[in-house]
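Student: I have a chain open in my viewer and would like to learn how to read it. Could we go through it feature by feature?

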Amino acid sequence: MNHLPEPAPVVRLPDGTYTYADHLPVPVQPVAPQVVHQHIHQAPPDRTVQRIALGSGIGAGTVAAGVYFGPLLVGALTAIAANLALLAFLAAVLAWGVVTVVKSIGGPDGKAAAETLSRSRKRRR
């Protein structure tokens, strides 16, 4: 019983003899083609930019800033758009209210003024 490790290039053959590994003939065995099942998953849209950034060698600080400020920017732009939509709706309602009040209260002068205001609103569209 030899407790010493065998040298790396020496191998034991099936018949029990030892030989150097670099002198062995390489048996040619037919290799069946390997079937690879690849599942492709699409990354969430908010992570795609970060993955591209990591692949191009941008630093981790830039990626962290993108992860943090990306959704923050989307939220801020959404809030601004919602505010502008609300202001536009209020302007339309107030203009309609002014035209209606002027038509109903003012006599012929009020109707002429309302018509002028109505025409100017239609031209802006």
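Tutor: Gladly! Let's begin with a term: helices (H or I, at least four residues) and strands (E, at least two) are DSSP runs, numbered from the N terminus. In this predicted model, Leu77, for instance, is found in helix H2, which covers residues 60-105.

Student: How many helices and strands does the chain have, and in what order do the elements run?

Tutor: There are 3 helices and 2 strands. Starting at the N terminus, the order is β-β-α-α-α.

Student: Which element has the lowest mean pLDDT, and which the highest?

Tutor: The general idea comes before the case: where pLDDT is low, predicted coordinates should not be read in detail. Here helix H1 (residues 45-55) has the lowest mean among the elements, 63, while H2 has the highest, 88. Over the chain, the average is 76, and 72% of the residues score at least 70.

Student: What share of the residues is buried?

Tutor: Of the 125 residues in the chain, 7% are buried. The accessible surface comes to about 11,200 Å², and carbon and sulfur atoms account for 67% of that surface.

Student: Which residues make the nonpolar surface patch?

Tutor: The patch is made by Leu73, Leu77, Ile80, Leu84, Leu86, Leu87, Phe89, Leu90 and Val93, and has an area of about 890 Å².

Student: How should I read an aromatic pair?

Tutor: A pair of aromatic rings is described by the distance of the centres and the angle of the planes. This structure holds 1 such pair. It joins Tyr68 and Phe69, with 4.8 Å centre to centre and 85° between the planes, and is edge-to-face.

Student: Why does Tyr68 count as exposed?

Tutor: Tyr68 counts as exposed because its relative accessibility is 55%, and the cut-off for exposed is over 50%. Phe69, at 48%, therefore counts as partly exposed.

Student: Where is Arg12, and which residues is it in contact with?

Tutor: Arg12 is found in strand S1 (residues 10-12). Leaving aside neighbours within four places in sequence, Arg12 is in contact with Thr17 and Tyr18. Arg12 has a relative accessible area of 56%, so it is exposed.

Conventions: Residues are numbered from 1 along each chain as its sequence is written. This is a predicted model: local features need pLDDT of at least 70, side-chain atom pairs count only at pLDDT 80 or more; totals for chains, interfaces and linings use all residues. Side-chain values use heavy atoms; hydrogens and water are left out. Patches are made of residues with over 30% relative accessible area and no salt bridge: like charges are joined within 9 Å, nonpolar side chains (Val, Leu, Ile, Met, Phe, Trp, Tyr) within 5 Å. Accessible areas come from the Shrake-Rupley method with a 1.4 Å probe; for residues, only the protein chains shown count as cover. A salt bridge is a side-chain nitrogen of Lys or Arg within 4 Å of a carboxyl oxygen of Asp or Glu. Rings of Phe, Tyr and Trp (its six-membered ring) pair if their centres lie within 6.5 Å; planes under 30 degrees apart count as stacked, over 60 as edge-to-face and the rest as tilted. Buried means under 20% relative accessible area, exposed over 50%, partly exposed in between (1.4 Å probe, protein chains only). pLDDT is the predictor's confidence in each residue, from 0 to 100. Contact means heavy atoms within 4.5 Å.
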